[in-house]
Amino acid sequence: METLYIRNLNEKVSVNTLRRSLESIFAKFGEVLQITANKNIKMKGQAFVTFANKSQSAAAMEKLQSYELFQKPIEISYAKKNSDQYFIAVKKDTETVEKRKNEKAKRESTSANKRKVQNDEPDFAAAPEPIKKKIKIEDWKSLPPNNVLLLQNTTVDSNDVLQAFFGSFPGFINTRFVKALNLSFIEFESEELSTKCLQGTTKEDISKLGPEAVLTYAKK
């Protein structure tokens, strides 16, 4: 391969200075047809050097491997393919160069169209949110004892009302009212006392806190 891939170049050095330095160093091993070095992020710290023939590129790689350039040892390997300048200057093959340009333009066009489609996709094309599994009231009622009770579907809008209702039961500690979800956690000193509260309230009692209110143990 006539084209060498150079990496681990000092990124702080300007591209023009880097090109001149690479040309000065590699020209000692033969005719340098092209040096490619760009300042874009993708090419930072990298460059390509193209010689007129393989013996020149091989000699340069052997002698300059780990050569210290701007306080950094450069790393050299063969490029995956030769540069356009090699096909023009050595092979006199403009057809390959033109074919490469067309393929590159096609890839860029495909990539641009793909990005456009992604950007134009309506909101409903997005992946649907996972459906949360709703636990049935029957399942709540079958939960094991807990010193914390859960009141669901309450229509009261004040924590004071809840504290007044449950405060009459022995061992009551406090209520944690979550107004946005229409529920409240009622904490007791022990499971035994929370159970007494649960068993001591009738459906009619709980309906005072909401027509569809349900009182169960909270999940541990």
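## Residue E191

At 34% relative accessibility, E191 counts as partly exposed, because that class lies between buried (under 20% relative accessible area) and exposed (over 50%), with a 1.4 Å probe and protein chains only. The model is predicted: local features need pLDDT of at least 70 and side-chain atom pairs count only at pLDDT 80 or more, while totals for chains, interfaces and linings use all residues. Residues are numbered from 1 along each chain as its sequence is written, and side-chain values use heavy atoms, with hydrogens and water left out.

E191 is found in helix α7; helices (H or I, at least four residues) and strands (E, at least two) are DSSP runs, numbered from the N terminus. Not counting residues up to four places away in sequence, E191 touches P145, N146, N147 and K220, where contact means heavy atoms within 4.5 Å.

## Confidence

The pLDDT, the predictor's confidence in each residue from 0 to 100, averages 81 over the protein, and 78% of the residues score at least 70.

## Nonpolar cores

A nonpolar core is a set of buried Ala, Val, Leu, Ile, Met, Phe, Trp, Tyr and Cys residues joined through side-chain atoms within 4.5 Å. The largest one has 21 residues, of which L4, I6, L9, L22, F26 and I76 touch the most other members. Two or more residues each come from β1 (3-7), α1 (15-26), β2 (32-36), β3 (46-51) and α2 (54-64). The largest share, five residues, is that of α1.

Leaving aside neighbours within four places in sequence, the contacts of L4 include F26, A47, F48, V49, F51, M61 and I76. Another core, of 17 residues, lies apart from the largest one; L151, F165, A213 and Y217 are among its members.

## Helix α2

The buried residues of α2 are Q56, S57, A60, M61 and L64. They fall within an arc of 130 degrees seen down the helix axis, so they line one face of α2; the arc is that of the directions from the helix axis to the C-beta atoms. These buried residues pack against β1, α1, β3 and β6 (75-78).

The face turned away from the buried side carries the exposed residues K54, S55, E62 and K63. After α2 comes S66, with a positive phi near 70 degrees.

Four strands form an open sheet in the order β8-β9-β7-β10, with antiparallel pairing; two strands pair if DSSP finds at least two bridges between them. β8 (172-178) and β10 stand at the edges with a single partner strand each, so one side of each is left without a neighbour in the sheet. From one strand to the next the twist averages 20 degrees. Six bridges join β8 and β9 in the antiparallel sense, and N174 stands opposite E187 in β9.

Helix α6 packs on the sheet, touching β7, β8, β9 and β10, and its direction makes about 150 degrees with that of β8. Helix α7 also packs on the sheet, touching β7, β9 and β10, at about 155 degrees to the direction of β10. Axes are lines fitted to C-alpha atoms, for helices over the stretch in contact, and angles run from 0 to 180 degrees between N-to-C directions. In α7 (residues 191-200), L193, S194, T195 and C197 are buried; their cover includes β7 (148-152), α6 (159-166), β9 (183-188) and β10 (214-217).
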